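Please look at the sequence and the structure before reading on.

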Amino acid sequence: MTDSRSPRRKTLHTIHKALPNMTGAALAELRRLRPEDPSSTTFWKIVALYLRPHMVKGGPLRDKQERRWAAALNALALLHEFHTPGAGLGQPLAEANFSELRFTRLIQARGEQLYGEVRRAAGLIASKGHRADAAEFLMLLLYQEGPYMESIRRQIARDYFFHAHSMEK
């Protein structure tokens with residue numbers, strides 16, 4: 001489920017390909033998007049056009065999925081021109097000098113705290129001009145529990161610490 005053929009990853013990459021066709025105002029809406037209040041018309045258009053197959057039919061679980069996708073779309077919009085499928089997340093964080101403390105907070109966070117940590121990490125990567133795969137943020141956000149959670153977090157941590165420590169040499 002965490003490989004590059006994941007339907008959710010493909011959907012995020014498809015949305016990324018549509019970003020250049022959006023107005024500057026729509027992209028700005030996504031950059032300001034808050035998962036706890038996804039009142040953006042751009043967000044709801046994306047839900048209608050691309051995300052409906054990934055959502056459960058109703059109730060609190062659907063609301064939770066919408067918040068997670070909102071956080072992922074915010075990260076994608078922040079990374080926009082630096083989003084590169086397959087670029088990973090651990091290495092770009094290490095190259096952007098993301099501190100071990102901040103990395104630990106990111107990798108251990110859940111729920112509302114994770115949304116904020118993802119936003120900060122995506123913003124830092126973009127501000128430093130590093131390429132990263134926003135789908136890695138999506139996987140962190142979607143799999144905050146369950147069988148894939150540990151695997152996703154371990155892979156990001158492996159990449160981060162491998163590159164952080166190889167840069168010290």
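## Arginine 158 and the basis of the model

Arginine 158 is partly exposed, because its relative accessible area is 47%; buried means under 20% relative accessible area, exposed over 50%, and partly exposed in between, with a 1.4 Å probe and protein chains only. Arginine 158 belongs to helix H9. Helices (H or I, at least four residues) are DSSP runs, numbered from the N terminus. Between the C-alpha atoms of arginine 158 and glutamine 91 there are 9.1 Å in space, and the two residues are 67 residues apart in sequence.

The model is predicted: local features need pLDDT of at least 70, side-chain atom pairs count only at pLDDT 80 or more, and totals for chains, interfaces and linings use all residues. Residues are numbered from 1 along each chain as its sequence is written, and side-chain values use heavy atoms, with hydrogens and water left out.

How many of the 9 residues of H8 are buried? The count is 9 of the 9, so H8 is largely enclosed by the rest of the structure. Among these buried residues are Glu136, Phe137 and Met139. The buried residues of H8 pack against helix H1 (7–18), H4, H6, H7 and H9.

Two packed helices are described by the angle between their axes and the distance between the axes. Helix H7 (residues 111–128) and helix H8 (residues 134–142) have axes 11 Å apart, at an angle of about 170°. Axes here are lines fitted to C-alpha atoms, for helices over the stretch in contact, and angles run from 0 to 180 degrees between N-to-C directions. H7 is therefore roughly antiparallel to H8, a label for angles over 145 degrees; angles under 35 count as roughly parallel, 65 to 115 as roughly perpendicular and the rest as oblique.

In this contact (heavy atoms within 4.5 Å), Leu114, Tyr115, Val118, Ala121, Ala122 and Ile125 of H7 meet Phe137, Leu140 and Leu141 of H8. The residues of the contact of H7 with H8 comprise 9 nonpolar, no polar and no charged. Here Ala, Val, Leu, Ile, Met, Phe, Trp, Tyr, Cys and Pro count as nonpolar, Asp, Glu, Lys and Arg as charged, and the others, Gly among them, as polar.

## Helices H3 and H4

Helix H3 (residues 41–51) crosses H4 at roughly 105°, and their axes come within 11 Å. H3 is therefore roughly perpendicular to H4. From H3, the residues Phe43, Trp44, Ile46 and Leu51 meet Glu66, Trp69, Ala70 and Leu73 of H4. The residues of this contact of H3 with H4 divide into 7 nonpolar, no polar and 1 charged.

## The nonpolar core

A nonpolar core is a set of buried Ala, Val, Leu, Ile, Met, Phe, Trp, Tyr and Cys residues joined through side-chain atoms within 4.5 Å. The largest one has 52 residues, and Leu73, Leu93 and Phe137 have the most contacts inside it. Helix H4 (residues 60–79) supplies the largest share of this core, 9 residues.

Leaving aside neighbours within four places in sequence, leucine 73 is in contact with residues including Leu12, Leu30, Phe43 and Leu51.

## Aromatic pairs

The structure holds 5 aromatic pairs. Rings of Phe, Tyr and Trp (its six-membered ring) pair if their centres lie within 6.5 Å; planes under 30 degrees apart count as stacked, over 60 as edge-to-face and the rest as tilted. Phenylalanine 103 and tyrosine 160 form a stacked pair, 4.0 Å centre to centre with 5° between the planes. Phenylalanine 103 lies in helix H6 (residues 100–108) and tyrosine 160 in helix H9 (residues 149–168), so this pair ties together parts that are 57 residues apart in sequence. Phenylalanine 103 counts as buried at 1% relative accessibility, and tyrosine 160 counts as buried at 3%.

Tyrosine 143 and tyrosine 148 form an edge-to-face pair, 5.5 Å centre to centre with 70° between the planes. Tyrosine 143 is buried at 11% relative accessibility, whereas tyrosine 148 is partly exposed at 32%. One aromatic cluster is formed by Phe103, Tyr160 and Phe161.

Histidine 13, in helix H1, is buried, with a relative accessible area of 14%. Not counting residues up to four places away in sequence, histidine 13 touches His83, Pro85, Asp133 and Ala135.

Asparagine 97 sits in the loop between helix H5 (90–95) and H6. Asparagine 97 is exposed, with a relative accessible area of 57%. Its phi is near 60°, a positive value in a residue other than glycine.

How values were computed
Helices (H or I, at least four residues) and strands (E, at least two) are DSSP runs, numbered from the N terminus.
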